[in-house]
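The following exercises ask the reader to work through a protein model step by step. Please examine the sequence and the structure before reading the solutions.

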4 protein chains.
Amino acid sequence: MEVFVTGFEPWGEEDYNPSGEVAKRLDGQVIGSARVRGLVLPVSYKRAKEILINAIDAHRPRIILGVGLAPNTTCIRVERVAINVMDGGPDVDDYKPVDEPIDPNGPAAYFATIPIRRIVEKLKENGIPAVISNSAGTFLCNFVMYCALHHVALKNYDTRVGFIHVPYTSQQSARKQKTFMGMLPPSMPLELIEKGIRIAVEEIIGELEHKHEH
Amino acid sequence: MEVFVTGFEPWGEEDYNPSGEVAKRLDGQVIGSARVRGLVLPVSYKRAKEILINAIDAHRPRIILGVGLAPNTTCIRVERVAINVMDGGPDVDDYKPVDEPIDPNGPAAYFATIPIRRIVEKLKENGIPAVISNSAGTFLCNFVMYCALHHVALKNYDTRVGFIHVPYTSQQSARKQKTFMGMLPPSMPLELIEKGIRIAVEEIIGELEHKHEH
Amino acid sequence: MEVFVTGFEPWGEEDYNPSGEVAKRLDGQVIGSARVRGLVLPVSYKRAKEILINAIDAHRPRIILGVGLAPNTTCIRVERVAINVMDGGPDVDDYKPVDEPIDPNGPAAYFATIPIRRIVEKLKENGIPAVISNSAGTFLCNFVMYCALHHVALKNYDTRVGFIHVPYTSQQSARKQKTFMGMLPPSMPLELIEKGIRIAVEEIIGELEHKHEH
Amino acid sequence: MEVFVTGFEPWGEEDYNPSGEVAKRLDGQVIGSARVRGLVLPVSYKRAKEILINAIDAHRPRIILGVGLAPNTTCIRVERVAINVMDGGPDVDDYKPVDEPIDPNGPAAYFATIPIRRIVEKLKENGIPAVISNSAGTFLCNFVMYCALHHVALKNYDTRVGFIHVPYTSQQSARKQKTFMGMLPPSMPLELIEKGIRIAVEEIIGELEHKHEH
């Protein structure tokens with residue numbers, strides 16, 4: 001089976017994006033019975049959607065795991081839900097939607113179709129701080145998650161979709177200005193972030209194969 | 001030369017203390033021209049002081065670098081100053097001082113005698129988020145820092161003294177309850193914390209040797 | 001027209017609940033052309049729903065504005081969306097759902113049907129810090145918001161529904177233990193919270209009447 | 001007796017400074033047996049010191065209570081200690097000291113000579129969230145506190161000196177951009193801040209008069 005791991009390019013003040021790095025690092029790797037295709041999306045509503053939708057139709061992945069950077073996050077956040085809103089920007093094409101629907105005909109929200117609680121438990125067992133998050137925001141991360149869930153629903157594809165927010169890397173935090181309470185932003189080494197994403201993919205595959213067996 | 005690296009035992013709600021782990025890991029190691037003696041102190045005002053003072057008098061270290069856990073800290077904090085106050089507890093002996101002086105005849109404060117700014121710069125160059133901190137609190141960490149600085153001042157020992165606060169380890173954060181804004185507390189892998197303390201020791205030694213040469 | 005303002009009773013560690021206080025204070029008051037009915041709901045999934053649904057059916061309010069306490073919030077948060085999940089507790093009846101749907105047949109989410117952006121702008125013009133929030137959590141606040149939106153949708157009632165999270169009151173914060181970074185939790189005087197809720201109600205009424213006129 | 005309440009002018013990104021507003025509001029008022037002189041200092045190391053020292057020598061106040069803005073603070077912070085360091089800027093004269101002593105011949109620190117714990121308790125009894133703080137930073141607030149304590153020590157004046165940090169006002173927070181975790185910065189209404197400073201002054205006077213009586 002094929003697994004998409006998507007990340008983002010750097011944008012705005014962020015000249016480095018750990019999510020894109022992880023997508024590049026995992027691209028071509030084999031995890032369990034699956035081969036990973038890493039996609040690095042531009043932080044553009046319009047182009048990210050096109051690239052993603054085209055890739056889904058072309059490759060029909062069994063799993064899509066989006067990854068995105070959440071500045072000031074202390075740990076890995078496995079997203080529960082994507083909502084039908086674009087409210088944030090400007091993106092790199094200078095588009096700045098305010099309270100716009102992603103699809104005026106789409107439902108208000110989709111829940112992730114990956115085992116979010118198991119993933120969080122597994123990450124913590126492996127010493128990686130993680131929580132379930134109830135908001136993926138209203139910018140590109142939520143957008144990509146919604147677009148993927150909406151597209152596979154419309155097309156009736158048998159594809160599991162989820163999204164994970166990751167903190168700054170340690171290297172990245174070390175280059176930042178002091179912000180909150182005189183400290184640098186919370187962070188995690190890139191290796192630990194990558195390990196976390198790999199564990200999440202394993203867990204999603206494991207659940208699919210387990211279901212298949214019975 | 002001999003370098004003391006002190007840490008603390010677990011205490012209260014904290015059943016694991018990365019500062020004590022680092023002291024144990026570095027104990028006996030050679031860093032540059034120095035040999036490290038790792039001391040794991042109890043979280044007891046009375047006993048921590050006795051053990052520390054006796055060890056200083058017995059071994060006359062050239063450098064004393066205290067390390068302590070600061071819950072909810074996002075990065076390594078190199079302390080600038082220790083103040084003549086005990087205000088926090090209870091410690092493990094159930095002692096809970098309120099606004100008491102450490103030594104009624106001591107000065108209000110001592111500045112660290114290690115190159116705090118260089119250490120922070122060096123840590124950041126190595127991808128480890130770090131800041132100068134202007135308060136070591138009023139519990140055991142500040143106490144140990146003040147006691148060491150006060151003792152070497154009274155005895156006129158030629159000893160450099162500093163203190164570094166470290167965050168929870170990633171493993172430790174992963175075992176915590178969600179706290180701030182639905183997230184787990186910020187953290188750093190133990191290996192990165194240990195690397196940071198080692199870099200700090202190298203930097204202090206480097207400065208001493210550099211001065212000696214000229 | 002009738003306006004429901006709902007709040008909650010104290011629960012768990014919180015022996016005071018500003019949301020319930022505001023509901024009591026506004027009960028019976030006239031705001032513009034509307035009369036307020038203040039409802040103080042128990043922090044019980046089962047009973048809060050029953051009381052709320054029965055009151056809606058009995059009184060057919062034109063507007064339902066839920067209010068709830070969000071500990072550690074710095075400002076007023078006007079919620080955008082309620083999701084079909086119960087994940088938090090235990091409530092006062094010792095019920096502790098994990099990732100359960102509120103209604104297995106309900107949609108994943110409903111958006112608030114009040115003018116959230118206008119309310120936030122109006123609050124800020126009046127010197128009250130406020131933001132749009134994209135998550136009402138997964139405990140009673142989200143539950144009440146979802147239940148109200150779901151019920152009026154099923155019954156096809158012409159009722160506007162929204163939810164606002166409020167911080168601790170100043171009095172309440174002053175009674176707390178120090179928590180985050182040695183500080184007390186953020187807060188707002190009860191009078192300012194009440195003023196904020198009143199402004200929100202005025203704004204919702206104003207939009208309804210404005211639409212009616214044209 | 002005369003009481004100085006000092007505040008600061010707006011500076012940098014802060015076009016409004018609640019500390020200066022409070023100093024202006026209290027100027028000329030009578031609190032208990034004391035008359036308040038409100039001083040609004042420029043955010044300039046050089047000029048703030050000159051103005052303050054000259055005013056102290058000219059008026060010989062019995063009490064000096066400095067007030068300053070601490071962005072992102074959730075509550076009133078009564079400072080315990082001022083340290084002999086300037087490390088922050090640039091100030092409005094473009095001076096940006098790094099790790100410089102305020103006075104190379106001065107002690108490392110002075111403790112506040114006002115009853116910090118009583119003030120905090122009294123504030124909390126009055127519903128105003130407050131804590132003792134162990135760092136006034138290393139910018140103008142710490143500087144003014146150190147300068148005042150150092151000057152009255154050198155001149156042997158019988159003057160009590162303290163410093164209090166205050167949060168943004170609610171109005172001010174409402175004009176800010178969202179920052180931490182999608183929320184506006186924590187705040188307190190100006191009236192509550194002013195009330196807090198007045199209570200602090202009353203408490204300092206009360207302690208002085210009480211001591212006098214016995």
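## Exercise 1: A residue in a strand

Glu79(A) has its place in strand 5 (residues 76-79) of chain A; helices (H or I, at least four residues) and strands (E, at least two) are DSSP runs, numbered from the N terminus. The model is a predicted one, in which local features need pLDDT of at least 70 and side-chain atom pairs count only at pLDDT 80 or more, while totals for chains, interfaces and linings use all residues. Residues are numbered from 1 along each chain as its sequence is written, chains are lettered from A and ligands numbered from 1 in the order in which they are written, and side-chain values use heavy atoms, with hydrogens and water left out.

**Task.** Determine whether Glu79(A) counts as buried or exposed, and state which residues Glu79(A) is in contact with.

**Solution.** 

Step 1. The classes are buried (under 20% relative accessible area), exposed (over 50%) and partly exposed (in between), with a 1.4 Å probe and protein chains only. Glu79(A) has a relative accessibility of 0% and therefore counts as buried.

Step 2. Contact means heavy atoms within 4.5 Å. Leaving aside neighbours within four places in sequence, the contacts of Glu79(A) include Ala112(A), Ile116(A), Ser133(A), Phe163(A) and His165(A).

Step 3. A polar atom of the Glu79(A) side chain lies 3.2 Å from the backbone nitrogen of Ala136(A).

## Exercise 2: Two copies and their interface

**Task.** Describe how chain A can be laid on chain B, and what the contact between chain A and chain B takes from each.

**Solution.** 

Step 1. Two copies of a chain are related by a rotation about an axis and a shift along it. The C-alpha of chain A nearest the axis belongs to Pro186(A), 2.9 Å from it.

Step 2. The contact takes 24 residues from chain A and 24 residues from chain B. Of the interface residues of chain A, 100% are also interface residues in chain B, so the copies meet through the same surface.

Step 3. Buried area is the accessible area (1.4 Å probe) that two parts lose on being put together, summed over both. Between chain A and chain B it is about 1,800 Å², of which carbon and sulfur atoms give 68%. Thr74(A), Met183(A) and Leu184(A) supply 27% of the area that chain A buries against chain B, more than any other three residues.

## Exercise 3: Salt bridges

**Solution.** 

Step 1. A salt bridge is a side-chain nitrogen of Lys or Arg within 4 Å of a carboxyl oxygen of Asp or Glu. By this rule, the count over all chains comes to 64 salt bridges, yet between chain A and chain B the count is zero.

Step 2. Glu50(A) is partly exposed at 41% relative accessibility, whereas Lys46(A) is exposed at 57%.

Step 3. Arg80(D) lies in the loop between strand 5 (76-79) and strand 6 (81-83) of chain D, and Asp99(B) in the loop between strand 6 (81-83) and strand 7 (109-111) of chain B, so the pair joins two chains. Arg80(D) is buried at 5% relative accessibility, while Asp99(B) is partly exposed at 28%.

Step 4. Lys176(C) is in the loop between helix 5 (170-174) and strand 11 (187-188) of chain C, and Glu14(C) in the loop between strand 1 (2-8) and helix 1 (18-26) of chain C, so the pair ties together parts that are 162 residues apart in sequence.

Conventions: Least-squares fit on C-alpha atoms with pLDDT ≥ 70 in both. Polar contact = N/O pair within 3.5 Å; in protein donor to acceptor, adjacent residues only side chain to side chain.
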